[in-house]
Amino acid sequence: DSVSPRVYADPEIVALEQQRIFSRIWNYAAHEREIPSPGDYVRAPVAQNDIIVVRGDDGRINAFYNRCAHRGAVVACEPRGSVQHFECPYHGWCYGRDGKLTAVPPAQGYPEGFGADLYRW
């Protein structure tokens, strides 16, 4: 007739809940008042993922994993701020406020035909 305290504190059960419940449903990440202007962003933990919520140039709210598509490095280190773009500190890949890859330096390091439209958060 009682629930074991283990259900509330066991790391394995918490991980299963994150995977089976919270990663499959809508989760609160930020309030629009936290990002009033284009480029304003906040980081939010959602189902054990680090998410960036950013106001785009068009005024829309965008949300992305806080990871570079190249090598998985964190692209936003501060918990909140305002940016022109997000730049990966590892290899310098840049992403726009809409999540599109905008720059890959140095271009000579990649094969011919490599385009920014190939990668998106």
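Four strands of this predicted model form an open, antiparallel sheet in the order E3-E2-E1-E4, where strands (E, at least two residues) and helices (H or I, at least four) are DSSP runs numbered from the N terminus, and two strands pair if DSSP finds at least two bridges between them. Because E3 and E4 stand at the edges with a single partner strand each, one side of each has no neighbour in the sheet. From one strand to the next the twist averages 25°, an angle between N-to-C directions that runs from 0 to 180 degrees, with axes fitted as lines to C-alpha atoms, for helices over the stretch in contact. Within this sheet, E2 and E3 run antiparallel and are joined by five bridges, and Val54 has Asn62 in E3 as its bridge partner.

Residues are numbered from 1 along each chain as its sequence is written. Because the model is predicted, local features need pLDDT of at least 70 and side-chain atom pairs count only at pLDDT 80 or more, while totals for chains, interfaces and linings use all residues; side-chain values use heavy atoms, with hydrogens and water left out.

A second open sheet has three strands in the order E5-E6-E7, again with antiparallel pairing. Here E5 and strand E7 (101-103) are the edge strands, each with a single partner, so one side of each is left without a neighbour in the sheet. Two bridges join E6 (residues 94-95) to E7, and Tyr95 stands opposite Leu101 in E7.

A search of the whole structure finds one aromatic pair, a term for rings of Phe, Tyr and Trp (its six-membered ring) with centres within 6.5 Å, counted as stacked when the planes are under 30 degrees apart, edge-to-face when over 60 and tilted for the rest. The rings of Tyr41 and Phe86 have centres 5.4 Å apart and planes at 70°, so the pair is edge-to-face. It links distant parts of the chain, with Tyr41 in strand E1 (residues 40-46) and Phe86 in strand E5 (residues 86-87), 45 residues apart.

Where pLDDT is low, the predicted coordinates should not be read in detail.
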